[in-house]
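Dear colleague,

Please find the structure below, followed by an account of what was found in it.

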Amino acid sequence: MSGTAPTEARNGVPAPPDPGRHELISPVTGEVLRQVRLASHEEILAAARRLTAHPASASDEELFAFFRRLRDELKARRADLVGVTVAETGFILRDAEETVDAAIDFLGSFETFVEQQPRPELVFHHSYSSSTRRSMRLTSRPYRLVAALVPQNASLSLGITILASALYADSRVLLRPSLQTASTGALLAEAVASSGPPEGRLDIVNSLASTFLEAACASEHVEVVHYIGSNRHAASVLHQTFAAGKVCLLDGQGNGMLYVDETYPLETAVRLITDAATRFNGETCTSINGVLVEEGLFPRLRDALVHSFRSLALGDPFAEGTQIGPLFSERQAQSLLELASSDGARVISGGEVTGAYFRPAVIEGARPGHPMVREGLYGPALWIQPVRWSEIPRWLATNRFPLSDAVLSARPEAIREFARVSRAPRICVNADPSIESMFEPWGGYPPGSLNPVSPWVQKYRQSYQLDGQPDEIASAAATARVDP
C-alpha cells in the first residue's frame, strides 16, 4: 500500500493517467497527496485464497496482545495519522484528533469491553407441557471471511472496529479502505504489519470499489460482504451480493432529525444543534439534518441558530481556530447548495460556495416531501421547521434513512412518545447525536434487513440452533465462542 510520486511529465506534456493507479487529491490544497496502486480482480481473489489457507487459530490472549501492539503502533504514528486525516478529508484538526484518539482507545480497551459483555445462553424446550427433554440451544459460528468496504468519512475508526471485531469473532478480514483516505489506509497497513498480526487472518487492499465487490462476490472463500458507504450504491450492492449468494451487511448514510420543545434551555439547544449539524463538517451518518421546533419556541431558536451559524469560522482545517473545513469536493459543495435552495426551500443564512468550501447554512421552507427532508443533507447545513406535536409523526415518517434521531425536552412523556414514533434505531435523549462511541452497537440501516442494531462481534458470527438432548447440545456449543 505504499504511495509513489505523481507521474512525471515528459517534454512538457503530462503523462496520461495510469488506469492501474489512483491519484489521491486533497480537498484542502487541491494537490495530489499520493498515487495508489490499485489491486486487480485476480489479486483480490488471490488475497482471499491466501487468507483461508491458514487456520483461524489465534487464542483470545494472542488477539488481545496483537491489539495492544497495534494500539502502540498507532500511537507512534499519531501525528502522521492526524495530519493525513485533515489533508484527505478537510476535517478540522480537533475532529481529526478525536478520530485518531478514539481508535487508539478502542484497541486499548477492547479486551475490557468484550469481557464485560453479557454472554446469554438461550435454550428453548421442544415442549413446555410434556416430559420431553429435547431442547434447542441458540449459538453461533464464525463466518469464514468478511470482505469489508469502509467510507472516506470514517475510514480509520471503522477499519479498526471491523478488524478487531471480526478477528475476535474468529473470522478473517479483507479490508478495502476508501481511496480518498488511501494515506490513512497505508499508515494502518504499516502499523498492522509492524504489530505482528496473527498469520492469515487479515489483509488490507486498495482497489476500485466495483473491482473489490466483483471479486468478493466471485470468491468462493468470502461469505460476508460488509458495505459501509453512500446510499446511492446500497441497492446495487445488495442486488449483486444476493445474486452471488453472499451475506450482505449494509450501512449507508443517515438522515438525522431532532425535536426540541420550550422546556429545554435555549442556549444549550443552540450550542448542541450547531455542533450536531457541523461536527466533521456535517459529513457523518449521525449528523443532524433537520430540526422540528415547538411552535412557540421557533422564532427565538431560528434567530439564535442563524447567529450561531454565522459565527462559525470557515477556513484552513489545519488552523487551530477553524471550526469548518472544506467538503470532500467542489462538486459536493455545489450540489449541497442546489439541494438547499430547491423546491421552495430558502437559505436564510450561509450557503456561499468557494471551491470545496461551503459556508454553514440554515434553511427554511422545506416540506415533508422535499428531497432533503426525505434523504438528508451531506454537509454543514440544517433545515428548521415549526411544528405542532400532532404533526411530528408525519415528518418522521417521510424519512427514508432514519439512523439517529434526537429529542431535547424536559418532559418525560414527550421523550417517550418521540422514541415511540421515530423509526430510527438510535435515539439520543438530551444529547448530541453526532458524538459517537466506537463501542456502541451498530446497524439498523432501514433498507437492509440483515444488519439490525447489534454488537460488532455478533455481526461476523452466524447464529444457528443445536437441537437435541441437553447434555449433547451443550457439549457441541462449548466448541464455539458465545457471542459477546
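Helix H3 supplies three residues to the lining of the largest cavity, the largest share. Helices here are DSSP runs of H or I with at least four residues, and strands are runs of E with at least two, numbered from the N terminus. A cavity is a set of points on a 1 Å grid over the protein atoms alone where a 1.4 Å probe fits but cannot get out, and lining residues have an atom within 4 Å of a point. The model is predicted: local features need pLDDT of at least 70 and side-chain atom pairs pLDDT 80 or more, while totals for chains, interfaces and linings use all residues. Residues are numbered from 1 along each chain as its sequence is written, and side-chain values use heavy atoms, leaving out hydrogens and water.

The lining of the largest cavity includes Thr85, Glu88, Phe91 and Leu156. Two elements give two or more residues to this lining, namely helix H3 (78–89) and helix H5 (155–168).

Isoleucine 160 is one of the residues that touch the most other members of the largest nonpolar core, which has 77 residues. Such a core joins buried Ala, Val, Leu, Ile, Met, Phe, Trp, Tyr and Cys residues through side-chain atoms within 4.5 Å.

Glutamine 462 lies in strand E19 (residues 461–468). Glutamine 462 and arginine 141 are 321 residues apart in sequence, yet 5.3 Å apart in space, C-alpha to C-alpha.

Yours sincerely

Notes. 1 Å grid on protein atoms, 1.4 Å probe; cavity = no way out; pocket = protein on both sides within 12 Å on 5 of 7 lines; lining within 4 Å. Buried < 20%, exposed > 50% of the residue type's maximum accessible area, 1.4 Å probe, protein only.
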